[in-house]
Amino acid sequence: MQSLVIVAHGSHLNPDASTPTYEHADTIRDAGVFDEVRTAFWKEEPSFREALRTVQAEEVYVVPLFISEGYFTEQVIPRELRLEEWDDDAWESDGTSATHATLEATDVGKTVHYCGPVGTHDAMSDVIVRRAETVTDDPGVGEGVGLAVVGHGTERNENSAKAIEYHADRIAERDRFDEVKALFMDEDPEVDDVTDFFDSDDIVVVPLFVADGYHTQEDIPEDMGLTDDYRTGWETPAAVDGHDVWYAGAVGTEPLMADVVLERAAEAGADVGDAVEAVRRRTRVAGTDTEAGTGAGD
Amino acid sequence: MNDRQVDALVAAAGDGVDCDGLRVAETPDGYRFETPGGAAEGLDEPALRDVAAENPWFVSNWYYWRELDRPAVETAFLRWLEGADDRSVPDRYEALAEGIEASWGELAVEVTLGDDGHRTYAVRHADDADRPVEELAVHTDPLDARELVKYDDRGRYRPLKTAPTLQTGWAFVDLDGRSLVRAVDVVYPATVTNWHLERQGELDVSHWRETMERQTGIYGVIRTWDRGEGYEHVNWVAEACCDDSQCLKRREWEYDDDTDLDVDGGDGAFPCREPCSLVVAAARQWTKLEGEQPQTYEFELTPSEKEQIEDIIDAVADGEAGEIREADVYEGANRYRARFLRAKRFDGDGRLDGVSTDQSR
C-alpha cells in the first residue's frame with residue numbers, strides 16, 4: 001500500500017489558495033496508482049501535524065507544492081511531520097537539486113519519502129511552457145515571443161531566485177522562445193519594468209507561484225501596468241509600452257502540475273505505472289498532439 | 001442474512017466467533033452456537049446452519065463487522081455511531097430499522113439497515129435534520145464536501161474547519177462506512193483519528209508552551225510572550241479562540257504539562273490536541289500588541305456611552321453585530337448609534353475625544 005500526501009501552504013484569508021492542491025490531488029487520484037491521495041496545509045486543515053495519522057499506508061510519499069527549497073521545505077515541513085532524522089544535508093541539494101530523502105515520521109511510525117518541492121523539478125520547465133501555450137491558446141507558441149518567468153525572489157532565501165533562474169535557463173536552451181528572462185517581484189531585475197527587458201513584440205509572463213492570490217492577481221498585474229486597478233481586470237494580451245503582454249496567472253494552477261507531483265513521487269520510489277504519461281496526455285492543450293516539452297530527463 | 005454470510009460463519013467457526021454477544025466455536029462434540037438468548041451445543045454443520053438461520057440479526061451483524069481490511073479507527077467510529085458497545089444486537093437492529101442518529105460537531109449522521117445487515121450512512125447539517133431530503137443538495141462523493149466546508153451560510157470563507165459555521169442545505173446519502181468516514185474527515189479533518197487515539201489513551205497532546213517553543217520564522221516571537229509570570233494571557237487566548245462558540249473541538253491542551261488553564265475546554269465530541277495555526281497566527285499578533293505598556297487616557301463619556309462601547313465590543317466578539325436590525329436604535333451596537341457616537345466623540349483624525357494615542361507626545 002502506498003499513499004501520496006501533497007503538502008501546500010494554504011491560507012487563512014484566501015479561499016482559493018487550496019484549489020490547485022485539490023485539483024492536482026484529484027488528477028492523481030483519478031490515475032489510480034496510489035491507494036490514497038491526501039492533502040495537508042500549513043494554514044488549513046488537515047495540518048501538516050495531523051495529516052499522516054489519517055492515512056492508512058505505512059509507506060507515504062510527501063510532495064511539497066512549493067516553488068523553491070528553503071524555509072518551508074527544509075524547516076517547517078520536516079519539523080511538523082516529525083521527521084526527526086531530518087537535517088539540512090538530507091537532500092544533498094545545491095539549492096535546486098533536491099530529489100527525496102527517506103525518513104521516519106516518529107509520531108506515527110510511518111516511512112516517509114520526503115520529496116523535493118515541485119518548483120525545482122525539471123518537469124516544471126515543461127509546465128511553464130505549457131502555461132505559455134494555454135495563455136496564448138497556441139500549442140506552438142515561441143517564435144517571435146519573449147517569455148518572462150517571474151518569481152517572488154527574496155533576499156532572505158537565495159534559493160527562491162535560483163529556482164526561477166534555473167527554469168528560465170533551461171527553457172532558453174531549448175531555443176523555442178526568442179528571449180527568456182527571469183524577473184522578480186522584490187529584487188532586480190524587477191517585473192515592474194518587464195517591457196524594458198524584451199525586444200519581442202509579444203511577451204508571455206508566467207509567474208512561478210503555486211496559487212493565485214494577492215501577488216499574482218493584484219500586485220504583479222498592477223506593477224507591470226496591465227491595469228491601474230486589479231479589480232477592473234485586464235486584457236489578455238494587454239498593450240504595455242508598445243508590447244503585447246500575455247499574463248498567465250500562477251503556474252501552479254496549470255493542470256500539468258499534477259505530472260510534476262507524480263514524477264517527484266516516482267523518483268522517490270513510488271510505483272506510478274504509466275500514470276505520468278496518462279496525466280501528460282489528459283492535461284494537454286486542446287488541439288495539440290505534440291508532446292509537452294521534451295520530458296523530465298532532458 | 002444470506003447464504004454467503006452463513007458460509008462465512010461456518011468457515012470462521014473453527015477459529016471461533018465472538019461478536020456483540022454471538023459466540024460460535026467448533027468443539028470436539030460439534031459446533032456450539034450461543035447468543036444472549038441461549039446456547040446450542042453438539043451441532044453438526046446442517047444444524048449450525050439452521051440455528052444461524054434462526055438468528056439472522058446476530059449473524060449478519062457479525063458479518064458486517066468482520067470486514068477484514070477496515071482500519072481499526074473506522075470500525076471504532078462506525079460502531080460508536082450506532083452504539084454497538086452499549087446496545088444489544090436486537091435492540092440495535094430494531095433502532096436501525098428506523099434509523100439511528102448520531103451527532104459529530106454540527107453533523108447529523110444517520111445509520112440505517114440495508115440488505116442482509118449491511119449498513120447505509122447519510123450525513124447532513126444537524127439544522128437540516130428534519131428537512132425532507134428533496135429540499136437539500138444531495139451528494140454521494142465525499143470529496144464534494146471540500147467545497148461545502150469552504151464557506152459559511154453567509155458566503156464567508158471558513159479558515160477553521162471546526163468553527164460552528166458549517167453551511168446548511170446539503171446531504172450525503174447512500175454512503176458505505178468507508179465513504180462516511182471519508183466525508184466526516186473532509187468536514188472535520190483528523191477529528192475521527194484523534195478521537196480514536198484519545199479513546200485508546202494514546203492522544204499526543206502538545207501544550208501551549210511546547211507548541212510556541214517549536215515555532216520559528218515570523219512566529220518565533222510568540223515564545224517571548226511567556227515571561228514566567230503566569231499564564232493569564234493563555235487563558236485569554238483560549239477564551240477568545242477555543243470556546244465552544246468559536247470551535248467545536250474540545251481543547252485538551254493546557255499551558256504546560258503541569259499547569260492547566262482556568263477556562264473550560266468545551267464539550268466537543270472530538271479533542272483538540274494542540275494550538276492550531278489560527279491560534280498561532282493570532283498569538284503572534286497578540287505577542288506584539290501585548291508588548292505595549294498601558295497608558296492612562298482621560299476621556300469624557302456619558303454613562304450610556306460607556307455602556308455603548310461595551311455593547312459594541314460584545315456584539316463584535318459574539319459575532320452578532322451583523323444581526324442587529326437597521327432601525328433597532330435601542331441596541332448600543334446598532335449602526336446609527338455607532339455613527340452618532342463617532343460623529344459626537346471623534347475628531348477629524350478619528351481620535352476618541354481628540355485624545356492622542358501616544359500620551360508621551
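The secondary structure of chain A comprises eight helices and ten strands (DSSP runs numbered from the N terminus: H or I of at least four residues for helices, E of at least two for strands). The radius of gyration of chain A, taken over C-alpha atoms, is 19 Å. The globule rule (2.2 Å times the number of residues to the power 0.38) gives 19 Å for 298 residues, so chain A is as compact as a globular protein of that length. This is a predicted model, in which local features need pLDDT of at least 70, side-chain atom pairs count only at pLDDT 80 or more, and totals for chains, interfaces and linings use all residues. Side-chain values use heavy atoms, without hydrogens and water; residues are numbered from 1 along each chain as its sequence is written, and chains are lettered from A in the order in which they are written.

Along the principal axes, the C-alpha atoms of chain A fill a box of roughly 60 × 40 × 35 Å. Buried residues account for 61% of the 298 residues in chain A (buried: under 20% relative accessible area, with a 1.4 Å probe and protein chains only). Contacts (heavy atoms within 4.5 Å) were also sorted by sequence separation. Of those in chain A between residues at least 6 apart in sequence, 71% join residues at least 24 apart.

The interface comes next. In chain B, 32 residues are in contact with 28 residues of chain A. The two chains bury about 2,600 Å² between them, 42% of it on carbon and sulfur atoms (buried area: the accessible area, 1.4 Å probe, that two parts lose on being put together, summed over both). Arg146(B), Tyr157(B) and Arg214(B) supply 23% of the area that chain B buries against chain A, more than any other three residues.

Seven salt bridges link chain B and chain A (a side-chain nitrogen of Lys or Arg within 4 Å of a carboxyl oxygen of Asp or Glu). One of them pairs Arg49(A) with Glu274(B), with the closest N and O atoms 2.6 Å apart. On the side of chain B that touches chain A, α7 (177-187), α8 (191-199) and α11 (277-289) of chain B each supply at least two residues.

Asn334(B) lies in the loop between α12 (303-317) and α13 (335-345) of chain B. Asn334(B) is buried, with a relative accessible area of 1%. Its side chain reaches the backbone oxygen of Glu326(B) at 2.9 Å. Beyond neighbours within four places in sequence, Asn334(B) is in contact with residues including Ile324(B), Arg325(B) and Val329(B).

Methods:
Buried < 20%, exposed > 50% of the residue type's maximum accessible area, 1.4 Å probe, protein only. Polar contact = N/O pair within 3.5 Å; in protein donor to acceptor, adjacent residues only side chain to side chain.
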